[in-house]
Amino acid sequence: RFVYTTQKDTGKNKIFERQSFLGDKSQFLFRKVKVGIIGYGGGGSHIGQQLAHIGVENIYVFDNDIIEDTNLNRLVGGWFEDIKKGLLKTSIAKRIIKKILPSSNVKVINTRWQESPEFLQLCDIVIGCVDSYLERQQLEAECRRYLIPYIDIGMDVYKAENGDFSLSGQVILSMSGMPCMTCIGFLTEAKLAQEAAKYGNVGGKPQVIWPNGVLASTAVGIFVDLVTGWAKEKNKLVYLAYNGNTGTMSDHIRLKYCEKKCIHYPFDQTGPPIFVKFRL
């Protein structure tokens, strides 16, 4: 009879032996690090599954939606019967993560993260899988304030004038002291102003499973290097552009022209906000 054990890395537990190249302390670090997943849809469900597979035990999942029929084409771990039950996406997250890694501690937050920021502030790393530019801006600002590395993923589909479709996406690492998403030109006032025009122009939120998988896997790879340092890329500015038509990922050209230091989130604005009284 197979019995899952959480024994320390003595060599008897072979579950993670094929990722031992990540370092002697990698499984200890994965057991201790706290990771927040914001949005458990097409991208977030890939990330939750992969974090469980590599042995991440403390996962905070933020989502207030239930699964619908339009989610079934991309939500990993979602079942057809879940639609009839109106199951919360966070419940699906907990089910799939616990099935893979029974020792995991999955904290589900069934609200928008803005309504429960105290849980986000407990995370060591946050991975955002949100749809709007505004929410990205808010999420990055919160992570910057509490010195939490933030990894952003997203994809969209555009229709050209000749009728052809173009699928693209991005993976961005935002860390305190380094250029933010505004510095690199991903978030702009123009984009925020045009938010009401929908995210893309092929339906409300065009999504398919394979680019979500590519972007999520890349984000998990960045996370692993941040935690273990195995690839020695943790101090690198990451802004990757994904071309879904050709299936390629490359450094975004904006990296060549962005500011070297962030001017939007100074260090004196870290920590909880406080009110200061001024005498007139």
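Predicted model: local features only at pLDDT ≥ 70, side-chain atom pairs only at ≥ 80, totals over all residues.
Trainee: What span should H8 have, and how far apart are its end C-alpha atoms?

Mentor: Helices (H or I, at least four residues) and strands (E, at least two) are DSSP runs, numbered from the N terminus. The expected span of a helix is 1.5 Å times one less than its number of residues. H8 covers residues 209-228, so it should span 28 Å, and its end C-alpha atoms are 28 Å apart, which agrees. Just after H8, glycine 229 takes a positive phi of about 70°.

Trainee: On to charges. How many salt bridges does the count come to?

Mentor: Here's the idea: side chains of opposite charge can pair when their charged atoms come close. A salt bridge is a side-chain nitrogen of Lys or Arg within 4 Å of a carboxyl oxygen of Asp or Glu. That rule gives three salt bridges here. Take lysine 85 and glutamate 81, whose closest N and O atoms are 3.7 Å apart.

Trainee: How are lysine 85 and glutamate 81 placed in helix H3?

Mentor: An α-helix has 3.6 residues a turn, so residues three or four places apart point the same way. Lysine 85 and glutamate 81 are four residues apart in H3 (residues 80-85), about one helical turn. Lysine 85 is exposed at 58%, while glutamate 81 is partly exposed at 37%.

Trainee: Which side chain does arginine 95 meet in a salt bridge?

Mentor: Its partner is aspartate 82, at 2.6 Å from N to O. Arginine 95 is in helix H4 (residues 89-100) and aspartate 82 is in H3, so the pair ties together parts 13 residues apart in sequence. Aspartate 82 is buried, with 1% relative accessibility. Another salt bridge joins aspartate 152 and arginine 136 at 2.9 Å, N to O. Aspartate 152 sits in strand S5 (residues 150-159) and arginine 136 in helix H6 (residues 133-145), so this pair ties together parts 16 residues apart in sequence. Both aspartate 152 and arginine 136 are buried.

Trainee: And rings? How many aromatic pairs does the count come to?

Mentor: A pair of aromatic rings is described by the distance of the centres and the angle of the planes. Rings of Phe, Tyr and Trp (its six-membered ring) pair if their centres lie within 6.5 Å; planes under 30 degrees apart count as stacked, over 60 as edge-to-face and the rest as tilted. The count comes to four aromatic pairs. In one of them, phenylalanine 21 and tryptophan 230 have ring centres 5.3 Å apart and planes at 80°, so the pair is edge-to-face. This pair links distant parts of the chain, 209 residues apart.

Trainee: Is phenylalanine 21 buried or exposed?

Mentor: Phenylalanine 21 is exposed, at 55%, and tryptophan 230 is partly exposed, at 40%.

Key: Residues numbered from 1 in each chain as written. Heavy atoms only, no water. Buried < 20%, exposed > 50% of the residue type's maximum accessible area, 1.4 Å probe, protein only.
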